[in-house]
Amino acid sequence: MRGIELRPEERETISRELVKGRSLRAIGRLLSRDHSVISREVGRNGGRAAYRAISAQRRANQTRSRPKSRLLETNPRLHDEVNSGLAKKWSPRQISDRLRVDFPEDDTEPFSSWAGCVGVQGFLLITG
(Lines give C-alpha, C1' and ligand atoms only; values in the text may rest on other atoms or scores of the structure.)
Protein backbone atom coordinates (compact mmCIF):
# COMPACT_ATOMS: atom_id res chain seq x y z
CA MET A 1 0.00 0.00 0.00
CA ARG A 2 2.87 2.35 -0.64
CA GLY A 3 1.89 5.98 -1.13
CA ILE A 4 -1.60 5.63 0.31
CA GLU A 5 -2.09 7.88 3.30
CA LEU A 6 -3.60 6.61 6.50
CA ARG A 7 -7.37 6.89 6.77
CA PRO A 8 -9.04 8.32 9.91
CA GLU A 9 -10.28 4.86 10.96
CA GLU A 10 -6.71 3.52 10.70
CA ARG A 11 -5.53 6.32 12.97
CA GLU A 12 -8.25 5.37 15.45
CA THR A 13 -7.06 1.77 15.36
CA ILE A 14 -3.47 2.88 15.96
CA SER A 15 -4.59 4.93 18.95
CA ARG A 16 -6.63 2.09 20.47
CA GLU A 17 -3.91 -0.49 19.91
CA LEU A 18 -1.25 1.76 21.45
CA VAL A 19 -3.40 2.06 24.58
CA LYS A 20 -3.56 -1.75 24.71
CA GLY A 21 0.25 -1.82 24.61
CA ARG A 22 0.55 -3.45 21.18
CA SER A 23 3.82 -3.16 19.30
CA LEU A 24 4.13 -1.05 16.17
CA ARG A 25 4.81 -4.22 14.17
CA ALA A 26 1.61 -5.84 15.48
CA ILE A 27 -0.39 -2.72 14.61
CA GLY A 28 1.17 -2.69 11.16
CA ARG A 29 0.15 -6.31 10.60
CA LEU A 30 -3.37 -5.58 11.83
CA LEU A 31 -3.70 -2.72 9.31
CA SER A 32 -1.77 -4.48 6.53
CA ARG A 33 0.78 -1.66 6.65
CA ASP A 34 4.53 -1.78 7.02
CA HIS A 35 5.63 -1.16 10.60
CA SER A 36 7.71 1.80 9.42
CA VAL A 37 4.52 3.61 8.32
CA ILE A 38 3.07 3.14 11.81
CA SER A 39 6.34 4.18 13.42
CA ARG A 40 6.55 7.41 11.41
CA GLU A 41 2.89 8.19 12.09
CA VAL A 42 3.26 7.70 15.84
CA GLY A 43 6.61 9.51 15.96
CA ARG A 44 5.42 12.61 14.13
CA ASN A 45 2.31 12.84 16.30
CA GLY A 46 3.63 12.81 19.85
CA GLY A 47 4.97 9.30 20.35
CA ARG A 48 3.39 6.24 21.96
CA ALA A 49 2.25 8.02 25.12
CA ALA A 50 0.77 11.12 23.48
CA TYR A 51 -0.62 9.80 20.15
CA ARG A 52 -4.24 10.83 19.54
CA ALA A 53 -6.09 9.97 16.34
CA ILE A 54 -8.04 13.22 16.10
CA SER A 55 -5.00 15.48 16.43
CA ALA A 56 -3.03 13.23 14.06
CA GLN A 57 -5.80 13.49 11.45
CA ARG A 58 -6.00 17.25 11.91
CA ARG A 59 -2.25 17.54 11.36
CA ALA A 60 -2.44 15.32 8.26
CA ASN A 61 -5.23 17.49 6.83
CA GLN A 62 -3.22 20.67 7.42
CA THR A 63 -0.01 19.36 5.88
CA ARG A 64 -1.86 17.92 2.89
CA SER A 65 -3.47 21.20 1.87
CA ARG A 66 -2.22 22.54 -1.44
CA PRO A 67 0.37 25.29 -0.90
CA LYS A 68 -0.25 27.09 -4.18
CA SER A 69 -3.19 27.86 -6.43
CA ARG A 70 -3.98 25.72 -9.42
CA LEU A 71 -3.02 27.10 -12.81
CA LEU A 72 -6.63 26.98 -14.00
CA GLU A 73 -7.66 29.14 -11.03
CA THR A 74 -5.01 31.81 -11.59
CA ASN A 75 -4.85 32.06 -15.39
CA PRO A 76 -8.11 33.41 -16.88
CA ARG A 77 -7.06 32.76 -20.47
CA LEU A 78 -6.26 29.14 -19.74
CA HIS A 79 -9.48 28.80 -17.74
CA ASP A 80 -11.53 30.08 -20.68
CA GLU A 81 -9.78 27.81 -23.18
CA VAL A 82 -10.36 24.75 -21.01
CA ASN A 83 -14.01 25.72 -20.59
CA SER A 84 -14.31 26.05 -24.35
CA GLY A 85 -12.89 22.55 -24.85
CA LEU A 86 -15.18 21.13 -22.20
CA ALA A 87 -18.18 22.75 -23.88
CA LYS A 88 -17.19 20.90 -27.07
CA LYS A 89 -17.09 17.65 -25.03
CA TRP A 90 -13.35 17.21 -25.64
CA SER A 91 -11.29 14.87 -23.48
CA PRO A 92 -8.57 16.27 -21.19
CA ARG A 93 -5.95 14.99 -23.65
CA GLN A 94 -7.67 16.75 -26.58
CA ILE A 95 -7.84 19.98 -24.59
CA SER A 96 -4.17 19.90 -23.61
CA ASP A 97 -3.11 19.00 -27.17
CA ARG A 98 -5.17 21.91 -28.51
CA LEU A 99 -3.63 24.32 -25.99
CA ARG A 100 -0.15 23.43 -27.22
CA VAL A 101 -1.21 24.06 -30.82
CA ASP A 102 -3.04 27.33 -30.08
CA PHE A 103 -0.37 28.78 -27.78
CA PRO A 104 3.04 27.47 -28.93
CA GLU A 105 4.71 30.77 -27.97
CA ASP A 106 3.63 30.48 -24.35
CA ASP A 107 6.57 28.59 -22.90
CA THR A 108 6.38 30.50 -19.61
CA GLU A 109 3.61 28.16 -18.50
CA PRO A 110 4.31 24.71 -19.91
CA PHE A 111 1.18 22.61 -20.13
CA SER A 112 2.14 19.00 -20.60
CA SER A 113 -0.45 16.46 -21.60
CA TRP A 114 -0.24 14.77 -18.21
CA ALA A 115 -0.47 18.03 -16.29
CA GLY A 116 -3.29 19.07 -18.57
CA CYS A 117 -5.25 15.94 -17.85
CA VAL A 118 -4.72 16.30 -14.11
CA GLY A 119 -5.51 20.02 -14.24
CA VAL A 120 -8.66 19.56 -16.28
CA GLN A 121 -9.87 16.74 -14.07
CA GLY A 122 -9.16 18.86 -11.00
CA PHE A 123 -11.00 21.73 -12.65
CA LEU A 124 -13.98 19.45 -13.28
CA LEU A 125 -14.00 18.51 -9.61
CA ILE A 126 -13.87 22.17 -8.56
CA THR A 127 -16.55 23.45 -10.92
CA GLY A 128 -18.70 20.33 -10.99
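In the predicted model, helix 2 and helix 3 meet through Leu24, Arg25, Ile27, Gly28 and Leu31 on the side of helix 2 and through His35, Ile38, Ser39 and Val42 on the side of helix 3, where contact means heavy atoms within 4.5 Å. The axes of helix 2 and helix 3 come within 8 Å and cross at roughly 115 degrees, the axes being lines fitted to C-alpha atoms, for helices over the stretch in contact, with angles that run from 0 to 180 degrees between N-to-C directions. Helix 2 passes helix 3 in a right-handed crossing, a crossing being right-handed if the near helix is turned clockwise from the far one by less than a right angle, and left-handed if anticlockwise. Residues are numbered from 1 along each chain as its sequence is written, and side-chain values use heavy atoms, with hydrogens and water left out. As the model is predicted, local features need pLDDT of at least 70 and side-chain atom pairs count only at pLDDT 80 or more, whereas totals for chains, interfaces and linings use all residues.

The protein contains 9 helices and 0 strands, helices (H or I, at least four residues) and strands (E, at least two) being DSSP runs numbered from the N terminus. Of its 128 residues, 31% count as buried, where buried means under 20% relative accessible area, exposed over 50% and partly exposed in between, with a 1.4 Å probe and protein chains only. Among contacts between residues at least 6 apart in sequence, 52% join residues at least 24 apart.

The largest nonpolar core has 9 residues, namely Leu6, Ile14, Leu18, Ile27, Leu31, Ile38, Val42, Tyr51 and Ala56; such a core is a set of buried Ala, Val, Leu, Ile, Met, Phe, Trp, Tyr and Cys residues joined through side-chain atoms within 4.5 Å. Two or more residues of this core are given by each of helix 1, helix 2 (24–31) and helix 3 (35–43). Apart from this core lies another, of 6 residues, including Leu72, Val82, Leu99 and Phe103. Leu6, when its neighbours within four places in sequence are left aside, is in contact with Arg11, Ile14, Arg33, Val37, Glu41 and Gln57.

Glu10, in helix 1 (residues 8–19), counts as buried because its relative accessibility is 4%. Not counting residues up to four places away in sequence, Glu10 touches Glu5, Leu31 and Arg33. In helix 8 (residues 92–102), the buried residues are Pro92, Ile95, Ser96 and Leu99. These residues lie on the same side of helix 8 because they cover an arc of only 95 degrees around the axis, the arc being that of the directions from the helix axis to the C-beta atoms.

Several loop residues were also examined. Ser32, in the loop between helix 2 and helix 3, has a phi near 55 degrees, a positive value in a residue other than glycine, and counts as exposed at 55% relative accessibility. Lys89, in the loop between helix 7 (76–87) and helix 8, likewise has a positive phi, near 65 degrees, and is exposed at 74% relative accessibility. Most residues other than glycine have a negative phi. Arg52, in the loop between helix 4 (47–50) and helix 5 (53–64), is partly exposed, with a relative accessible area of 46%. Although Arg52 and Ile14 are 38 residues apart in sequence, they are 8.8 Å apart in space, C-alpha to C-alpha.
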